[in-house]
Amino acid sequence: MLLPVRFLPPLAALASIGLAAPFTSPSAPATVAALSPAAVNSGSAGAVFNSMTEAQRVGQLFMIGTPAGSVSSQAVTDIQTYHAGNVILTGRSSAGVAATASVSASLQGKVTLAATAGVPLFVSTDQEGGQVQVLSGTGFSSIPTALVQGGYATTTLRADAKTWGAQLAAAGVNVDLAPVLDTVPSAAFAPKNPPIGYYDREFGYDPTTVGTKGTAFAQGLADAGVDASIKHFPGLGRVTANTDTSSGVTDSQTTRTDSYLTPYATAVNAGAPFLMMSSAYYSAIDAANPAVFSSTVVTGMVRGDLGFPGVIISDDLGNATQVQSWTPGDRAVKFLQAGGDMVLTVDPSVLPAMYNAVLAKANSDSAFRSKVDASAMRVLTSKQKRGLLLQGMDVSSVQGTVDWTGAFNHGARFAYVKATEGSTYVNPSFGSQYNGAYNIGMTRGAYHFAHPDASTGAAQADYFLSHGGGWSGDGRTMPPTLDLQPNPGGATCYGLTPAAMVSWISSFSAQVYAKTTKYPMLLTSYDWWNTCTGNSSAFAATNPFWLSSYGTATPSSIPAGTGTWTLWQSATSGTFPGGQDNFNGNYSQLAALATNHD
């Protein structure tokens, strides 16, 4: 929890890394991602997890602070050296949406394959309203206090929160550490409650109001494509000191079955993606440990009693006075050991000590390592639900009318559409599918199913290009693709020798390049490529590969000379209509693929 202000010290760029654009495009859907949990193509998060070193997995478990108006050198070090996977914009900034978007884009620009395995950051802030609103200025509304919001009709509050969330999304912020679901007993007690009531951060003075209005706030953020973090479990509404500035802060009233816990249950049942732990003691529950270090509270109550499946994040463990009697390393280890997932430290300078302690324990304690890995997978799954992992789909006439809104809301960010086959077939659904993907905010591309026994490669390239297979470097169009699969009605290799097949593919590729200045992607399986081209390396230097490989963590074999894959079709059906696909890179690399001429 950040202290209120009196105690505290361009969109185009952001779109290039694919974060704000899907939520702010004029053609985006009116509702982006309901708060209810989205189904997940676990292959994508799993593939990313399997590609990571243990050091990179540990880095996903930290959220580090940087000033809201700039990127600190320490934050850069934390991301690039210690693999930190998440940031929080701290302090206060009145610079407005565009300037904040530049800060967010700069932070995302520190993401590399070496730093985070190419996984984008969760960028968060505290945007509750009233005195706890980090971001203001042009493009940001002046948000009223939660106590005022609690007097709004539920539908009005959700709509307003969607507006505020859209402003955050436009600024490159994808997590809001709000709403507060702590219940303050009464208006008379509020001034005696330093962290919440004193600043009108409560939605009301009864659990029903708090739960209903807080959940509406969280749902509005989700409607705008921003994850909410409900806080501060199991509640700070009864304490008489602030954990940020005091030690030994204790709630002696709240019990494990307390009615003041119901707002959290309401929000969890509605699908809240993040839950923040309080660092106060709760003597009627676990007198020996602050809640943030208590397995009884974190695992027993949050995971058990509430059944919360999402990301459990700590309150600040860097600067908070409440936890200063523990070393930074012990704070991080104790939170994760208790069952937490993401360590929040507003002070980025303590991250190295925290990170090193967690990694050392993970390397020496298999049980703890299992917890770390489970938490890393939970964070990656959450990023996938929010569309931060690059997953997509491929469709043909078989899928017909596609629910593009549903696919986008479940995390699809790119799509390939079959345009043609051989020299005579055109997908009758191509136009609606191709435009549907674009209009929802996806990067899209077209593919041609090859029939090397029907006509020359150049002839089929011309047919493809004249029926939807063209390309321009608009940043939203993937390379034209040649689909090379076993002959559905004859010999696997269409009666061609490996040398003849390589010649045919070369003819197709050269014609596409001549007409578009873009080499086509080659969609195939390793088995087909090995059988029908003799595992040729002739295209390794020019053509990206899209490999179909099922039942594996990543494509198990790579064509000669390529060294890697660009797209991976991991299944023929799943979360999205049609094939389930993964991009081997980050948003900036996807944008480059859709922009740069070869």
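The questions and answers below concern the sheet and the salt bridges.

Guide: This is a predicted model, in which local features need pLDDT of at least 70, side-chain atom pairs count only at pLDDT 80 or more, and totals for chains, interfaces and linings use all residues. Residues are numbered from 1 along each chain as its sequence is written, and side-chain values use heavy atoms, with hydrogens and water left out.

Visitor: Which strands are the edge strands of the open sheet?

Guide: The open sheet has eight strands with parallel pairing, in the order β12-β9-β7-β6-β3-β2-β1-β13. Strands are DSSP runs (E, at least two residues), and two of them pair if DSSP finds at least two bridges between them. The edge strands, each pairing on one side only, are β12 (311-314) and β13 (343-345).

Visitor: How many salt bridges are there?

Guide: A salt bridge is a side-chain nitrogen of Lys or Arg within 4 Å of a carboxyl oxygen of Asp or Glu. Glu-54, Arg-57, Arg-369 and Asp-373 are linked in a network of such bridges. By this rule the count is 16.

Visitor: Is Asp-341, which forms a salt bridge with Arg-378, buried or exposed?

Guide: The closest N and O atoms of Arg-378 and Asp-341 are 2.6 Å apart. Buried means under 20% relative accessible area, exposed over 50%, and partly exposed in between (1.4 Å probe, protein chains only). Arg-378 is partly exposed at 25%. Asp-341 has 0% relative accessibility, so this residue counts as buried.

Key:
Helices (H or I, at least four residues) and strands (E, at least two) are DSSP runs, numbered from the N terminus.
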